[in-house]
Amino acid sequence: MLFIKNGTLVDPECGRIFRADLELSEGKISRISEKKNYERAEALGEEVIDADGLMIAPGLVDTHVHFRDPGFTYKEDILTGGEAAKRGGFTQIVLMANTKPPVDNPETLAYVLKKGKETGIRIHSCVNVTENMAGKKLTDMELLARKGAAGFTDDGIPILDETLVKEAMERAGRLGKPISFHEEDPRLITNNGIHAGEAAKYYGISGSPREAEIDLIRRDTALALETGAEVVIQHISTAEGVELVRCAKAKGAHIHAEATPHHFTLTQDAAIRKGTLAKMNPPLREEEDRQAIIRGLADGTIDMIATDHAPHSKEEKEKPITEAPSGIIGLETALSLGIRELVEKGYLTMPDLIGRMSTAPCRLYGLEGGTLREGAPADLVLFNPKEHWIVKDFASKSSNSPFMGEKLPGVIYYTICGGNVVYCKG
C-alpha cells in the first residue's frame with residue numbers, strides 16, 4: 001500500500017485541478033480523499049510520499065515510439081528505452097514496428113512484448129501493415145491482433161498502393177484496432193528530413209516539400225471516411241494537413257492526429273541552427289505550420305501528443321546533412337516542452353495537456369489508464385511544473401536532441417506504474 005499526501009491532482013477527464021490525497025493498493029487507485037487519511041498510514045509505518053508542491057497526473061502514454069529492438073540496439077533497446085520513458089513520466093508506450101526483423105510476425109511480436117515486461121511499465125507494440133514493410137502484401141492482421149498487437153502501422157515507410165491501404169483500413173476496422181500512417185510521398189521528395197524552404201536553400205538541396213504530406217493525408221482522410229476505420233495521421237507537420245483532418249472529423253470520419261513536441265516547438269530555423277540534430281521526417285516547417293498545429297491541439301483536431309522518439313548514434317548524426325538519419329529522441333523532454341509551449345503560453349490548460357498525453361491515447365488504443373478515478377490503474381506521474389532543469393545526461397542510449405543544454409520547466413519527481421515507484425528523482 002502506498003499513500004501520496006499534499007499533492008495537487010490534475011484530472012484530465014473533468015478538467016479539474018484540486019488538492020487531495022491518494023491511497024494506492026493492489027495496483028489501483030483505491031481512494032481519493034481531501035481528508036488526511038495518510039496520518040493513520042504514517043502511524044502504521046506504511047509508505048507515504050509527500051507531494052507538497054507537486055502535481056499528480058495520470059501516467060503519460062506515448063503511442064509513437066522507436067526502441068530499435070530487435071536489430072538496432074546500439075541506438076536503443078527496450079530496457080534503456082523503458083528507462084527513458086520512466087524518467088519522462090510515461091507509464092505506457094506503444095512501439096512502432098520498423099525493427100529488424102520487422103514486427104510482421106507473431107515471433108517478433110512475442111519477443112518485444114516479453115522483453116517489455118522487464119521494464120516495469122506497460123509496453124505495447126504495433127505490428128506492420130505490410131509484410132517486411134514492402135507495401136506489397138498485407139500481413140496476417142487477424143492473427144497478429146489475436147497475438148496482442150496494439151494496432152497497425154508501417155511507420156517510417158509510407159504505403160503508396162491506395163487499394164492496399166483501403167483493404168488494410170477495412171480489416172483494421174473489423175478488428176477494432178487503430179491503423180496509423182506515415183504521410184510522406186517519397187515520389188515528391190528529393191532530400192528527406194529538411195523542409196523544402198529556407199532550410200533546404202541554406203544547405204543547397206531540394207528538401208522535402210509540404211505537398212508530400214498533404215497529398216497522402218488527403219487520400220487517407222477520404223479513405224477513413226469511406227471505411228469507418230480508426231485512422232491515425234502520424235506526426236502531422238503542415239497547416240494544410242491539420243485542416244484536412246479538421247474537415248474529415250467534421251464529416252464524421254474516425255480520424256485522429258498526432259503532434260510531436262518538436263513540431264509544435266520548432267521551425268525550419270532549428271534545422272539551420274542545429275543541423276542534423278533537427279533533421280526528422282516529416283521535417284520542421286514554417287512558423288505558420290507550427291501555429292496551425294498548436295491551434296489543432298487547442299481545438300481538439302489533433303487528439304494526441306506523441307514523441308516519435310527516434311534514437312540514433314552520435315556517429316550517425318555527425319554525417320553530412322543529406323546522409324545522416326532523420327529523427328530525434330523525445331521521451332525525456334516531452335512533458336516539459338508541453339508545459340513551456342502550450343500551457344505557459346495559454347494554448348492549453350494543464351488538464352488539456354495531460355489529456356492529449358494520456359487520456360486520449362488510452363481511449364484510442366483501448367488501454368486502461370489516463371484517469372484519476374478510484375479503481376483505475378495506479379499509473380501516475382508526479383512533477384513540479386514551475387521548477388526548471390537543464391537538458392543533459394539522458395537515460396536513453398542516444399542523445400540526438402536539438403534541446404540539449406536548454407532550460408525547461410517541469411521536473412519529474414516520481415513515475416508510478418501499477419502502484420510501484422519505477423522512477424524517483426535522485
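In this predicted model, the largest nonpolar core holds 71 residues, of which Ile93, Ile179, Val231, Leu335, Leu353 and Phe383 touch the most other members. A nonpolar core is here a set of buried Ala, Val, Leu, Ile, Met, Phe, Trp, Tyr and Cys residues joined through side-chain atoms within 4.5 Å; buried stands for under 20% relative accessible area, exposed for over 50% and partly exposed for values in between, with a 1.4 Å probe and protein chains only. Leu353 is in contact (heavy atoms within 4.5 Å) with Ile305, Leu335, Gly338, Ile339, Leu342, Val343 and Leu348, leaving aside residues up to four places away in sequence. In soluble globular proteins, nonpolar side chains tend to be buried together.

Because the model is predicted, local features need pLDDT of at least 70 and side-chain atom pairs count only at pLDDT 80 or more, while totals for chains, interfaces and linings use all residues. Residues are numbered from 1 along each chain as its sequence is written, and side-chain values use heavy atoms, with hydrogens and water left out.

Turning to the sheets, an open sheet of 3 strands has the order 6-7-8 with parallel pairing. Strands (E, at least two residues) and helices (H or I, at least four) are DSSP runs numbered from the N terminus, and two strands pair if DSSP finds at least two bridges between them. Strand 6 (60-65) and strand 8 (122-125) form the edges, each pairing on one side only. Neighbouring strands of this sheet are turned by 20 degrees against each other on average, direction ignored. Strand 6 and strand 7 (residues 90-95) share 4 bridges in the parallel sense, and Val61 has Gln92 in strand 7 as its bridge partner. Helix 14 (residues 350-365) packs on the sheet by touching strand 6 and strand 7, and its direction makes about 70 degrees with that of strand 6. Helix 3 (residues 106-116) lies across strand 7 and strand 8, at about 170 degrees to strand 8. For such values, axes are lines fitted to C-alpha atoms, for helices over the stretch in contact, and angles run from 0 to 180 degrees between N-to-C directions.

Helix 2 (residues 78-87) is mostly covered, with 7 of its 10 residues buried. These buried residues pack against strand 7, helix 3, strand 15 and strand 16 (420-424).

Helix 7 (residues 211-227) packs on helix 8 at an angle of about 10 degrees, with the axes 9 Å apart. Here Ile214, Ile217, Arg218 and Thr221 of helix 7 meet Glu240, Gly241, Leu244, Val245 and Ala248 of helix 8.
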